[in-house]
Amino acid sequence: MTGTGPQGPGRYGERVFRPEAGGEGDRIDLGSLTYDATTMSRLRRLGVGPGWTCLDLGAGTGTVARGLLEEAGVAEVVAVDRDVRFLAAHPVPGLTPLQADITADGFSPELFPDLSPGRFRLVHARFLLMHLPDRPRLVARFAELLAPGGVLVISDAVDLTTDSAPLTPYTAAMRAMWRGLRDSIGTDVSQVVHHPELLEAAGLESVAAEIHVPPLLPGSAISRFWADTWDRARADMLATGLLDEGGLDEALRLLDSPGYAGLSPGMLTAWGWKPGAPGAPGAP
């Protein structure tokens, strides 16, 4: 995943969350352990299955791409990321890793024939757009890659807790994380609730959305994910002035405490269908 931040000078995977950093693949997989079942359930309910040709953008370690092949039985998945080391490390039949920067002007069929317009029944992107600028342009580009009757599915983080929740070390850490990532690499979850509008603006139909909020339990994959994420983003979080080292350490202790009832940020998934054959959208 990559993008030039609209406010900060960095990019995801360069300033923070570098793929070459020790344990980064494991951090991504903690997120996958949290959200893959929800993602795969939604994709199956949308009808994704045998014979489908799929595109997974910002594929990360490839758990969704492999799930599409091994669980849903699709015909092919082209998995795109700016760094494909994790994808290449776990090849499976039908999976084509493609190293590319989707924000670049050169991200085109001329340079990448695997990405011809109208090729894919499914285009999927999870935890990608939130890190990127110019989302309307990107969503329109993704929609162009859909075959008639195909579906675009985008998922991103949505935080329902930090604006109105009581101030605790945990909520302070979450606020500092989102502010620090916005300032350093341009991550912005405040606009995720508008993703359905972007799908409609791209000409897609039968647009819908849902939110999944995983429970924040001690030792759970999501709690470990946030602890690791805070550790890697620590400098940017502290630079906001919203908390200090002691506050961050206390927030980490709350993540592992059975007595804390905080909510994790959730995942908003929105989808829309390209008009035309093969016809009716999948089940809601």
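In what follows, Ala, Val, Leu, Ile, Met, Phe, Trp, Tyr, Cys and Pro count as nonpolar, Asp, Glu, Lys and Arg as charged, and the others, Gly among them, as polar. The model is predicted, so local features need pLDDT of at least 70 and side-chain atom pairs count only at pLDDT 80 or more, while totals for chains, interfaces and linings use all residues. Residues are numbered from 1 along each chain as its sequence is written, and side-chain values use heavy atoms, with hydrogens and water left out.

**Exercise 1. Characterise the largest pocket and its lining.**

Step 1. The largest pocket holds about 410 Å³ of space. On a 1 Å grid over the protein atoms alone, a cavity is a set of points where a 1.4 Å probe fits but cannot get out, and a pocket is an open set with protein on both sides within 12 Å along at least five of seven lines; lining residues have an atom within 4 Å of a point. Grid points are joined across faces, edges and corners, and a volume is the space filled by probe spheres set on the points.

Step 2. The lining of the largest pocket has 14 residues, of which T162, D163, W178, V189 and S190 are the closest to its centre.

Step 3. Helix α5 (residues 169–185) contributes the most to this lining, with four residues.

Step 4. By class, the lining comprises five nonpolar, three polar and six charged residues.

**Exercise 2. Classify the pair of Y170 and W230, and locate both residues.**

Step 1. The structure holds six aromatic pairs. Rings of Phe, Tyr and Trp (its six-membered ring) pair if their centres lie within 6.5 Å; planes under 30 degrees apart count as stacked, over 60 as edge-to-face and the rest as tilted.

Step 2. The ring centres of Y170 and W230 are 6.0 Å apart and the planes stand at 50°, so this pair is tilted.

Step 3. Y170 belongs to helix α5 and W230 to helix α7 (residues 221–232), 60 residues apart, and the pair thus links distant parts of the chain.

Step 4. Y170 is buried at a relative accessible area of 1%, and W230 is buried at 0%. Ring pairs link Y170, W230 and Y260 into a cluster.

**Exercise 3. Describe the setting of F17.**

Step 1. F17 is placed in the segment before α1 (24–45), and with 6% relative accessibility F17 counts as buried.

Step 2. Most residues other than glycine have a negative phi. F17, although not a glycine, has a positive phi of about 60°.

Step 3. The charged end of R27 sits over the ring of F17, 4.1 Å from its centre. The criterion is that NZ of Lys or CZ of Arg is within 6 Å of the ring centre and within 35 degrees of the ring normal.

Key. Helix = DSSP H or I, 4+ residues; strand = E, 2+ residues; numbered from the N terminus. Buried < 20%, exposed > 50% of the residue type's maximum accessible area, 1.4 Å probe, protein only.
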